[in-house]
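Visitor: I'd like a close look at a single part of this model, with the cut-offs spelled out as you go. Could you walk me through it and how it connects to its surroundings?

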Amino acid sequence: MAGQDVGAPPDRLWVHQEGVYRDEYQRTWVAVLEESLVFCVIASLHQETSFLRARVQQVQVPLGDAARPSHLLTSQLPLMWQLYPEERYMDNNSRLWQIQHHLMVRGVQELLLKLLPDD
């Protein structure tokens, strides 16, 4: 899926409703969580690793009332992402997400974020 660079990503994304975020310019972004499994075989040892990615697209969404954070606790998506050095975001749980790409895809601005493992 080819796309073109669209400049700097948003500084902050705040949750408004389940899977819907607002940035500092009040644009809406829709986030979908993707879980991937990776199988690795090293020296006859089979290892299975899973990782989370969030595909976040800048899509205009009519906003109703903001959801209360206590109603969003079952989601693996964070309540907030803040741009961090080295092409990463830090979420409200102090987890780091690597920006895998920030492109215009079929006319839609898209961020692909990968949750980094805890050190």
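Guide: Happy to. The structure holds 6 salt bridges, a salt bridge being a side-chain nitrogen of Lys or Arg within 4 Å of a carboxyl oxygen of Asp or Glu. Before the details, a word on the source: this is a predicted model, where local features need pLDDT of at least 70 and side-chain atom pairs count only at pLDDT 80 or more, while totals for chains, interfaces and linings use all residues. Residues are numbered from 1 along each chain as its sequence is written, and side-chain values use heavy atoms, with hydrogens and water left out.

Let's look at strand β9, residues 108-115. Strands here are DSSP runs of E with at least two residues, numbered from the N terminus. In β9, 6 of the 8 residues are buried, so the strand is largely enclosed by the rest of the structure; buried means under 20% relative accessible area, exposed over 50%, and partly exposed in between, with a 1.4 Å probe and protein chains only.

Its partner is strand β8 (residues 96-105), which runs antiparallel to β9 and is joined to it by 8 bridges. Two strands pair if DSSP finds at least two bridges between them.

Now for the packing. The largest nonpolar core has 16 residues, and Leu111 and Leu113 are among those touching the most other members, together with Tyr21, Val56 and Trp81. Such a core is a set of buried Ala, Val, Leu, Ile, Met, Phe, Trp, Tyr and Cys residues joined through side-chain atoms within 4.5 Å. At least two of its residues come from each of β2 (12-17), β4 (28-42), β5 (45-58), β8 and β9. Beyond its neighbours within four places in sequence, leucine 113 is in contact (heavy atoms within 4.5 Å) with Leu52, Arg53, Ala54, Val56, Trp81, Tyr89, Trp97, Gln98 and Ile99.

One of those contacts, Arg53, leads back to the charged groups. The side chains of arginine 53 and glutamate 34 meet in a salt bridge at 3.2 Å, N to O, linking strand β5 to strand β4 across 19 residues. Glutamate 34 also meets arginine 55, at 2.7 Å, N to O. Arginine 55 lies in β5 and glutamate 34 in β4, so this pair ties together parts that are 21 residues apart in sequence.

Terms used
Helix = DSSP H or I, 4+ residues; strand = E, 2+ residues; numbered from the N terminus.
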